[in-house]
Amino acid sequence: MSDKKEAGKLFPPTEELKKMSLVGGPEGYKKMYEESIRDPPAFWEKMSDNLDWFSKDWDSVFNWDKESGHFTWFKGGKLNVSYNCLDRHVLNGKKNQAAIIWEGDDPNETRVLTYGELLTEVEKFANVLKSKGVQKGDRVSVYLPMIPELAITLLACTRIGAIHSVVFSAFSAEALFNRIDDCASKLLVTTDGGYRGGKKVDIKGNANEALEKCPTVKDVIVVRRTGADVYMEEGRDTWWHDEMEKAPKKCEPEKMDAEDPLFILYTSGSTGKPKGVLHTTGGYLLQTQLSFQYVFNYRPGEVYWCTADVGWITGHSYIVYGPLSAGATTLMFEGVPNYPGLDRFWDVAEKWKVDIFYTAPTAVRMMRKTGEQWPKMHDLSSIRLLGSVGEPIDPEAWLWYHDVIGGGRCPIVDTWWQTETGSIMIAPLPGVTTLKPGCATNPMFGIEPLVCLEDRTVCKPGEDGRLFIKKPWPSQARTIWGDHQRYMDTYWNVIPGHYFTGDGGRMDADGDIWILGRVDDVISVAGHRIGAAEVEAAFLTHPAVAEAAVVPVPDEIKGEAIYTFVTLKDGYSESEDLRKALINQVRKEVGPIATPKTVQFTTGLPKTRSGKIMRRILRKIAGGGMHEDLGDVSTLAEPEVVDVLIKGRIL
Ligand code: WT7
């Protein structure tokens, strides 16, 4: 095999780790995994004891109508997510244990919410939602930064059966509008502003702008965070603290069906419109809780820190639902890695004696670049496990993370999953798996991966292909809000009955899975999924733009960055000012995370004779490829455009 990665160093589990393993080490995992694949419904039925149910009266654990793509897990069973995340722990002696440790952007600002306190806040806010007329099944949009009220809002929604839709707080007004409009939310929870790296950021201004076009939103509840002077609309906007003061302290949890919707989370796909990924109650909670326990091998009393934002699925599943359902202590961080100093992460880790640290490869690469002196300033001996998520981690970054942050003693769990999968699908387990730097390794219980070529033949070991997962699992998204056909076409109709991940993958001779990145037109900037079509659409909203094509280019820190080719309409000519204006347009339409790194003006784009833009060729050109690297270009409508593009390339 020519793969140099596979020639890399191996890290087998130590005897000590094997003894600690919650699944009973390599043999335990093997036995449990085989059982989960032999008879998934029986396996998950047994696992369902990990949740507290009001009733377990499901007719069948799993039901699947392949034709329509509708499937259910535990349908007929009744439970409540907030009850499982809070009440049951309070009743089991964890009332005074920290549920959320919150560390502000300013290191002097911290807050600890015990399970008892968090439950009271959640019950009160659930009553606030009810007082505004929010009912089971209604949508509540949430546009909040990383403050405890964000977790409180989500759990309060689950208490009464409202469906939450979190919109990342750094998304633009336009992105917020689209996400409110698509699911017709009744209420929005937001804030007067946020703090990032010591600076105030506006949030209410964006919310106000979006709400001008959102007639379905009748009420807006605003957390006072920065004290900024913001416009509050009479009869629509009220302050969180005023509402909470009036709210009764007790709110019975709604008995939800396992298949009732839990939340919508929008994610980018390969066409323009973001997809409202819908997750349901029972299967999602069960699988996030279990994966949290097993992948991080969580033991009671440990402090667990995931650096993601709750605006993404990682934060939903592994800051809020997984850890809280498991009765863990979860650290929620409002700040950034470089404020007030470049040692901020390590300052926080030392201060709270963090046991488990879960972050993104982008952050690791950035830390590696800024140097070892920053982590070396702190005692990181409390850390016993490291995690990675969001994009492939290159072996160099992996080894640095392992040696410098983990002191050579901590396993790294490289967790592969997606917004749609709800929970971790492929990851090493501590004390079980032999680690390979850069490799996601083994499937989780109940998950059967498959690597296929485009013609559907199954790949041989070592052969690159596309990654699928056989059959639905409990935490799998059930549909795309309002567009089940798109759900079917994107995920289930590529190979009928198998879930298409959109990622490339390879199974090596040991049966371990390597993730090779997206095979569709989705760009991963710092681990955030951005649809090429969404950015192109943003360019086209500018009057000067005739055509735009967006492709990824490798980026040392962010993994990928956005490179754009733009042709202008007649009457417009290229200039630095126009370039800046176009970049601003994208920031405004999509948000700052989609800021293009490069805009190359051109007179034409490579197209097939039927007019389809050949992004494959543009990718190579943007990446520095020469004419001979591009393969056959003779099928292009105007092959000469290739040399123009190469000549005008901005490296
Ligand atoms: C895409 C999903 C779910 C976590 C946050 C991102 C990429 C995710 C890994 C990993 C290689 C990874 C894939 C996937 N990805 N984890 N460990 N190794 N690639 O969620 O926004 O839904 O993006 O992130 O390309 O398809 P998301």
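In this predicted model, a backbone N or O atom of Pro392 sits 3.4 Å from a nitrogen atom of the ligand, which counts as a polar contact (a pair of N or O atoms within 3.5 Å; within protein, one must be able to donate a hydrogen and the other to accept it, and residues adjacent in sequence count only if both atoms are side-chain atoms). Thr415 puts a polar backbone atom 2.7 Å from a ligand nitrogen atom, and a polar side-chain atom of Thr419 is 2.5 Å from a ligand oxygen atom. On its own the ligand has 550 Å² of accessible area, and the protein covers 95% of that (Shrake-Rupley method, 1.4 Å probe; for residues, only the protein chains shown count as cover).

Around the ligand there are 16 residues, and Asp414, Thr415, Thr419, Asp503 and Arg518 come nearest (a residue is near if one of its heavy atoms lies within 4 Å). At least two shell residues come from each of α11 (313-325), β20 (412-415) and β25 (513-518); helices (H or I, at least four residues) and strands (E, at least two) are DSSP runs, numbered from the N terminus.

Turning to His542, this residue falls in the loop between α17 (532-540) and β28 (545-555). With a relative accessible area of 14%, His542 is buried (under 20%; exposed is over 50%, partly exposed in between; 1.4 Å probe, protein chains only). Beyond neighbours within four places in sequence, His542 is in contact with Leu578, Ala581, Leu582 and Gln585 (heavy atoms within 4.5 Å).

Residues are numbered from 1 along each chain as its sequence is written, and side-chain values use heavy atoms, leaving out hydrogens and water. As the model is predicted, local features need pLDDT of at least 70 and side-chain atom pairs count only at pLDDT 80 or more, while totals for chains, interfaces and linings use all residues.
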